[in-house]
Amino acid sequence: MNILQMHYFLKAAELLNLSKAADQLFISQPALSKQISTLEKELGFKLFQRGANSVRLTPSGAVLLKRLPALLQEYYAILSDATRAQSGHIGTLTIGNLEGQRLSDRSAEVFRCFGTQHPQYGIKLVYDSFQGLRQRLDSGELDIALSLDFDMRQSGETQVAYLEACKARMILSRSFEICQKDSITFSDLKGIPFILPEDSYLGSRMIRDEFHKNGLDPEIQYAANLYTVMLLAEAGMGVAIVNDLSTIVDSPRMRVLYDIPLESDTVVCCAWKKNNPNPAVALFLPMLLEQAGDAAGDGS
C-alpha cells in the first residue's frame, strides 16, 4: 500500500460513495474503483462491500479507516522533520506557559533573540493550567514551564528560577452594580463570591490569607483551573484574582479593581528538569535568566 492508495481508500471510506470520492480526488470513478480493487488484491482482503445502491466497509476496512489517519500523520511529521533537518533545523524547545497569560515583554524578547541566534532550534509554545504544567514538566513533555512562583517549588530534579514580579489584581464583571461607583473598597465586595482555581492549593491559600488580613470572609467558589476562573468571572459569577499579564484585564466587560491593592503580588518563574537532555534548554535558559537579572537590576 502506497501513500496515494491510502488517500484514495480514506476518501472512499469517509464518503462511502465512490462517485463523490472520485470527484473530490479529481479522478474518474472507474480509475478510483480500479485503485481500490488493486489495493484489495495486494492486501488479500476486501475493504468494501458493494451493493446495488450502496457501499459499506468490511470489518478489515473499518480497522484501516480507524488507524490509517494516525499513520499518515506520523509519515508527514517525519517528512517535515527531515525537511527541517536538511535546512539546518535539528530540534525543538517545548515551553509551557500558564493559560490566560501573555508573555511579558522581556520573555518575548528572549524568544525573539533565541530564534535569531539559534535558528537550528524551533520553539513550540503550549498553554496549560497550573496542574497541567506541573504534570507535563514531570512527564518530559515540556522542556521549560513558565508559571507563577506560588505554584512551582524546587525539589529533587525540578529547578526553579524567578523571572519578574507581576502585580496581583482583583477583577470583576461590569455587570455588578458596584462597578458604577468611582471607587470600590473591600467592604463593597461583601456578598460577592470569589472564584479560585482548585488546581493550585498554594495559590488559593495565599489569596484566602489576603482576605483574612482585610477582615473579609467571603464565599469561595472553586473552578477547575485558571482559565475557567476567568471565564466565570467574565460571565459575572464572581471576583477573580489575576495579574497584569492576564489577558482578561484587557476585556472591556471587566473592571480591574486598582483601588484595592493586594499585598500578595505574584512572580513569574520558570521551571525545568536538571537531567533534561535537550541541548536547546542549556542555550535558552541563560538568555532567559540574564533578562531576569536585568529586570531585578533596574527594579522592573
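Tutor: On strand 5, both faces are covered: Ile144, Leu146 and Leu148 are buried on one side, and Ala145 and Ser147 are buried on the other, where buried means under 20% relative accessible area, exposed over 50% and partly exposed in between, with a 1.4 Å probe and protein chains only. Strand 5 spans residues 144-148, and five of its five residues are buried; strands here are DSSP runs of E with at least two residues, helices are runs of H or I with at least four, and both are numbered from the N terminus. This is a predicted model, in which local features need pLDDT of at least 70 and side-chain atom pairs count only at pLDDT 80 or more, while totals for chains, interfaces and linings use all residues. Residues are numbered from 1 along each chain as its sequence is written, and side-chain values use heavy atoms, with hydrogens and water left out.

Turning to the pairing, strand 5 and strand 3 (residues 91-98) run in the parallel sense over three bridges, two strands being counted as paired if DSSP finds at least two bridges between them. Within this pairing, Ala145 of strand 5 has Gly96 standing opposite. Strand 5 is also joined to strand 12 (residues 266-273), this time antiparallel and through five bridges, and here Ala145 stands opposite Ala271 of strand 12.

Ala271 leads on to another residue, Gln159, which is in contact with Ala271 as well as with Gln154, Cys270, Trp272 and Lys274, leaving aside neighbours within four places in sequence; contact means heavy atoms within 4.5 Å. Gln159 itself belongs to strand 6 (residues 158-166), and it counts as buried because its relative accessibility is 18%.

For strand 11, a pairing with strand 7 (residues 168-173) is antiparallel over three bridges, and Ser173 stands opposite Met254 of strand 11.
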